[in-house]
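Take a walk through this protein with me. We will go from the whole chain down to single residues.

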2 protein chains.
Amino acid sequence: MSRITCPTLSQRVTSAAAAAAHISHGDNVAMSGFTGCGYPKAVPGALAERIDAAHAAGDDFSIGLLTGASTSHELDGLLAQSKGVHMRAPFNTDPDMRAAINSGDVEYIDTHLSHLAQQVWFGFYGNLDVAVVEVTAVLPNGLLVPSSSVGNNKTWLDLADKVILEVNSWQPRAFEGFHDVYYGTKLPPNRNPIQILEPTQRIGDPYLHVDPDKVVAIVETNAPDRDNAFAPVDAKSEAMAEHLIDFLRHEVRAGRMPENLLPIQSGVGNVANAVLDGLEHSEFEHLHSYTEVMQDNLLKLIESGKMDSVSATAFSLSREAAEKFNANAEAYKGKILLRTQEMSNHPEIIRRLGLIAINGMVEADIYGNVNSTHVLGAKMINGIGGSGDFARNAFLNFFVSPSTAKDGAISAIVPMASHVDHTEHDVHVIITEQGIADLRGTAPRRRAKKIIDNCAHPDFRDRLHDYTERAWAASAGARHTPHLLDEALSWHQRLRDTGRM
Amino acid sequence: MSRITCPTLSQRVTSAAAAAAHISHGDNVAMSGFTGCGYPKAVPGALAERIDAAHAAGDDFSIGLLTGASTSHELDGLLAQSKGVHMRAPFNTDPDMRAAINSGDVEYIDTHLSHLAQQVWFGFYGNLDVAVVEVTAVLPNGLLVPSSSVGNNKTWLDLADKVILEVNSWQPRAFEGFHDVYYGTKLPPNRNPIQILEPTQRIGDPYLHVDPDKVVAIVETNAPDRDNAFAPVDAKSEAMAEHLIDFLRHEVRAGRMPENLLPIQSGVGNVANAVLDGLEHSEFEHLHSYTEVMQDNLLKLIESGKMDSVSATAFSLSREAAEKFNANAEAYKGKILLRTQEMSNHPEIIRRLGLIAINGMVEADIYGNVNSTHVLGAKMINGIGGSGDFARNAFLNFFVSPSTAKDGAISAIVPMASHVDHTEHDVHVIITEQGIADLRGTAPRRRAKKIIDNCAHPDFRDRLHDYTERAWAASAGARHTPHLLDEALSWHQRLRDTGRM
């Protein structure tokens, strides 16, 4: 049975190529997609072909490209290969797009994920020309059943001059009812409190709305989301997860947290995956999650009954888990909710609910400044994503990384971070496989001792202490965060020059 | 007539020395005070004498000291001179305390002003032993009329084991009715939306509550707040204010802001003062302010009828303006409201109301990272204060500084910030007397051009461009935020070594 049952809109069904013809050089194009889920599968590739043809004819053709967060090769990869993007926001993990960002060809605006939709609405990014949004179905009255991510789609559909829909029949039709799209947003000064009091409370609509007159094309697809598989949990990740879960036990015993903890946010990655795996085997029960992304191990926690509910803005499952979920989606209704990323990452809700925020990092310095985004101060890896939204407003935040990278050549603890995404004012707890540094209520000098002794790899500890002590000795009258400016970035210079810190 | 009309509590009136005797070595002591207003005037000095005596006798005596924000010589200065403080949070401007922080004698925890109260309640700072809070009056039923700042006083009175009150008859008795103390706060996961929909909306109680059994001493004082006078508006400040107000005009014309703007937050300092002075002479009317601090020029805007209302957590007036206000306080009721700093700086409210946030800075780097706190990466000036609370969640934020300091020896625009308090993800607009760099919706490379061309002093522009271009040339494949790690901090090294950048 067709997924498009709206008489008006079913007349707009066309090919991806015909749809892509609605996009012009210089357009600001906002697409769906968050952590490799719910992105359009066909139109971006057709657009890339259109761009290739224009370039072959000697014409300029590039777009400004906005999404929810990361997409996949079919979107970021193909458009980057075609050199068809001049501006990209707010987040990317695709290797071709990353290369284009780091070559300087793409202007990348690395943005807090809760900020982009409102800033586009405020007019900070200019006019939105076209939205390209994947949905699961189009209902008779024109309402849209969202797909495996909500992201910024509400705002894209509201603001774009023209709308292209992709209706993906690979997505389970049973997605209807999984989403909560809040339509109470307004522009300041007319905003109201967001009445979310618990993670899966509904405050919106299960459907996306679109003005049918704006829909210029609908493309039917049947294509899977990106396969978001993780490596199996390794020894280091398991050690970090154990430190973290032990710390939570300690907080419960100290009376600072309820027995079922507080709602958990976990970033995407191996460590977060290991933490969720560790919770599966822990004594904790009736857990909740208020997070961005629904990963395999969150689904497992739901299935095992350890976790009561999850609010996210996107799925990000392995192909295997996705297919299993899709075949049995009804069973999860009421336990999983997908919201707009403006709400999943909203400071108001994060602070109100009191989240436990768990995010990875590239490096932390001795005073607790965290770099989440850059290699050697210059090269973009992925982006800040939601880590700033969550860390700033969480009840308790953790930044987690193995103490070394590249077989011990690189230390995750450095004298001075080469780029700062989370300032010393915002970082509560740092964890490596070596141990845990609880920075709450501590001043920089004490932080340095904890971070070095508990978190740095033993191979780097003496040199870090040596730096800290010499900086102290050389900084009479400037000992809040003593530094040796000549050496502060020397570990990064050495890595650049010798391949080792 | 006595300011203490509660029969039970009036029996606790005693001397400052007797009150200070309730404070012991090692105590965590939480005092009132915010931007030099509403701090206790007598007990800190008596405590300093007690500490001096203990030290003279060879005994250890020091306290952990929490406040709302900055106080005055009578509090921070005297306790620092006595070497009586081992930990200090969240903010300080006193020169003696600053010296003690930078000598390494005081562990200073430089904290977002909206975070401290909740984190103390969460238990992140250990037990709160004693609160010392200035109030205006004690009513017959034990309710307390707050003083010229609210700050964290609600939390201090709630959490401390013992309470010492100072009742300051210099504060106008007519303060009754100026305050809104929200008693709906709870611990996560039981928090509710904060129902502030416009700047001066009331959601709380005009009084502070205290358990009378905890009040161990009350001290009567009659002492003025710190004289918070500013230098007259100079040419540079006037230029920056003009740039900023012109920019607001432009935003209104572009339809991105209502004609009466959005609620204004202005940091403390000469530039903010000049901006408020500039608004006084502008065409804007029916302005509102949702801010931390009520400065002279905000009061003038109220008096002239240009501004309809101000919500803050503290006054910070010149002596002259304070005395004038005190003599005529009734006239301002309903137009000025003082809240707890948890509410004045709350991310939920700041984002909902859509603030225009105006804050000073020490330096910005070419990519838009802002240092608000440190000299040469190491020496603490004051602290981050509320700038992070406001900038992160504002509709639009401005960071403002003269383009040079020390007669042109120091550039406020540098290749790499020596300390980062506001990351490139958070900074919207940078202003110097040279001009304005609108960084919204721009990637790092474009930001660098705008910041250097529009904001850097001409004496430094060529060298900044040279750095930027050489960094670009040397960074093939790492051109998101190109840096020369060997030179990134060289301007600061040169300043350290030669006194000039």
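Start with two words. A contact means heavy atoms within 4.5 Å. Helices (H or I, at least four residues) and strands (E, at least two) are DSSP runs, numbered from the N terminus.

This is a predicted model, where local features need pLDDT of at least 70, side-chain atom pairs count only at pLDDT 80 or more, and totals for chains, interfaces and linings use all residues. Residues are numbered from 1 along each chain as its sequence is written, chains are lettered from A and ligands numbered from 1 in the order in which they are written, and side-chain values use heavy atoms, with hydrogens and water left out.

Look at chain A as a whole. It holds 17 helices and 26 strands. Its C-alpha atoms fill a box of roughly 75 × 55 × 45 Å, taken along the principal axes. The radius of gyration is taken over C-alpha atoms, and the globule rule is 2.2 Å times the number of residues to the power 0.38. For 501 residues, a compact globule would have a value near 23 Å; chain A has 23 Å, which agrees.

How much of chain A is buried? Buried means under 20% relative accessible area, exposed means over 50%, and partly exposed lies in between (1.4 Å probe, protein chains only). Buried residues make up 65% of the 501 residues in chain A. Now take the contacts in chain A between residues at least 6 apart in sequence. Of these, 73% join residues at least 24 apart.

One stretch of chain A has a record. UniProt, in an unreviewed entry, lists residues 333–467 of chain A as "domain: Acetyl-CoA hydrolase/transferase C-terminal". UniProt positions are given in the numbering used here, feature names are shortened, and annotations may be inferred rather than shown by experiment. In the model, this span is 30% helix and 27% strand. Its end C-alpha atoms lie 54 Å apart.

Next, move to chain B and its strands. Two strands pair if DSSP finds at least two bridges between them. Strand 1 (residues 28–31) and strand 2 of chain B run parallel, joined by three bridges. B:Ala30 stands opposite B:Leu66 in this pairing. Strand 2 of chain B also pairs with strand 3 (residues 85–89) of chain B, in the parallel sense, over four bridges. Here B:Leu65 faces B:Arg88 as its opposite residue.

How does the chain get from strand to strand? Strand 1, helix 3 (residues 43–56) and strand 2 of chain B make a right-handed β-α-β unit. The chain then crosses from strand 2 through helix 4 (residues 73–81) to strand 3 of chain B, and this β-α-β crossover is right-handed. Right-handed has a set meaning: with the strands pointing away from the viewer, the path from the first strand over the helix to the second runs clockwise.

In a regular strand the side chains alternate between the two faces of the sheet. Check strand 2 (residues 63–66) of chain B. B:Ile63 and B:Leu65 point one way, B:Gly64 and B:Leu66 the other, and all are buried.

Another sheet in chain B is open, with three strands in the order 18-17-24 and mixed pairing. Strand 18 (370–371) and strand 24 (413–414) stand at the edges with a single partner strand each, so one side of each is left without a neighbour in the sheet. Strand 17 (residues 363–365) of chain B pairs with strand 24 of chain B in the parallel sense over two bridges. B:Asp365 stands opposite B:Val414 there.

Now find helix 10 (residues 296–304) of chain B. Its buried residues include B:Leu298, B:Leu299, B:Leu301 and B:Ile302. What covers the buried residues of this helix? The cover includes helix 9 (270–280), strand 13 (307–312) and helix 11 (319–327) of chain B. Just after helix 10 of chain B, B:Gly305 takes a positive phi of about 85°.

A nonpolar core is a set of buried Ala, Val, Leu, Ile, Met, Phe, Trp, Tyr and Cys residues joined through side-chain atoms within 4.5 Å. The largest has 168 residues, and A:Phe398 and B:Phe398 have the most contacts inside it. Among the residues that B:Phe398 touches are B:Leu244, B:Phe247 and B:Ile436. Apart from this core lies another, of 64 residues, including A:Val414 and B:Leu464.

Finish with a loop. B:Asp407 lies between strand 22 (404–405) and strand 23 (410–411) of chain B. Its phi is near 55°, a positive value in a residue other than glycine. B:Asp407 is exposed, with a relative accessible area of 80%.

Technical notes
Lists of a residue's contacts leave out its neighbours within four places in sequence.
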